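Subject: Structure handover

Hi,

Here is the structure for you to open. My notes follow below it.

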Amino acid sequence: YPVVEGYKGNKFNRPNDLAFDSKGNLWFTDPKSYDKNNLDGVVYKVDLTSLKTIPVFEGLGFPNGIAFSPDEKFLFVCESAQQRILKFEITEEGLLSEPKVFVELPGGDPDGIAFDVEGNLYAAHFGGGKVYVFDSAGNIKKELLVPGKKPSNVEFAGKDLKTLFVTEDETNSVYKIELEIAGLPLFSSPMRK
């Protein structure tokens, strides 16, 4: 059944990706136009107890992947139509500051993202055929090649969270890559200490 279907009587546009904070609030991206000149995408926050929904940031060019930093002080959002990943500080009120550009990814769109336990960010580069691994300063640490040019989402799994699963749209397949660093357990995960 639907948890939330819209905001102030209007349906959402194209809810894309989601993340939960440590308090159980749901945050999700809602892109509309894929156009860097038509900034109509929104990030919403939903209190799952009251179902109160608020837009925490508006005016984005196709917001896509979303993930919290390991310390939950920042929210990272892929702005696909602008070919970049944004970094928002989370305010004391639980809202978002003005974003800073964390990294730009020309030649494709940043799509799904996830962190490892060391604070590195893994980003599927849709159209670029890679998963990039960025350190906390936005420098490329590693490039993981995948078959096909359209990796779309990434997720850590396995007993030790050292397996990265990647969906890929050109080959219509799911791939896995064994890693040396474990993925960050999500805030709701029983693996989180």
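A word on burial before the details: a residue is buried under 20% relative accessible area, exposed over 50% and partly exposed in between, with a 1.4 Å probe and protein chains only. This is a predicted model, in which local features need pLDDT of at least 70, side-chain atom pairs count only at pLDDT 80 or more, and totals for chains, interfaces and linings use all residues. Numbering starts from 1 along each chain as its sequence is written, and side-chain values use heavy atoms, without hydrogens and water.

Aromatic pairs

Rings of Phe, Tyr and Trp (its six-membered ring) pair if their centres lie within 6.5 Å; planes under 30 degrees apart are stacked, over 60 edge-to-face, the rest tilted. The whole structure has 12 aromatic pairs. In one of them, the ring centres of phenylalanine 76 and phenylalanine 115 are 5.2 Å apart and the planes stand at 70 degrees, so this pair is edge-to-face. Phenylalanine 76 sits in strand 8 (residues 74-79) and phenylalanine 115 in strand 11, so the pair ties together parts 39 residues apart in sequence. Strands here are DSSP runs (E, at least two residues), numbered from the N terminus. Phenylalanine 76 and phenylalanine 115 are both buried.

For phenylalanine 102 and phenylalanine 134, the centres are 6.1 Å apart with planes at 80 degrees, so that pair is edge-to-face. It links strand 10 (residues 100-104) to strand 13 (residues 130-134), 32 residues apart. Phenylalanine 102 and phenylalanine 134 are buried too. Ring pairs join Phe76, Phe102, Phe115, Tyr132 and Phe134 into a cluster.

Pockets

A pocket is an open set of points on a 1 Å grid over the protein atoms alone, where a 1.4 Å probe fits, with protein on both sides within 12 Å along at least five of seven lines; lining residues have an atom within 4 Å of a point. Strand 3 (18-20), strand 7 (63-68), strand 11 (109-115) and strand 15 each supply at least two lining residues.

The second largest pocket has a volume of about 230 Å³. It is lined by 13 residues; Asp21, Lys23, Glu72, Ile90 and Gly94 are closest to its centre.

Note on methods. Helices (H or I, at least four residues) and strands (E, at least two) are DSSP runs, numbered from the N terminus. Grid points are joined across faces, edges and corners, and a volume is the space filled by probe spheres set on the points.
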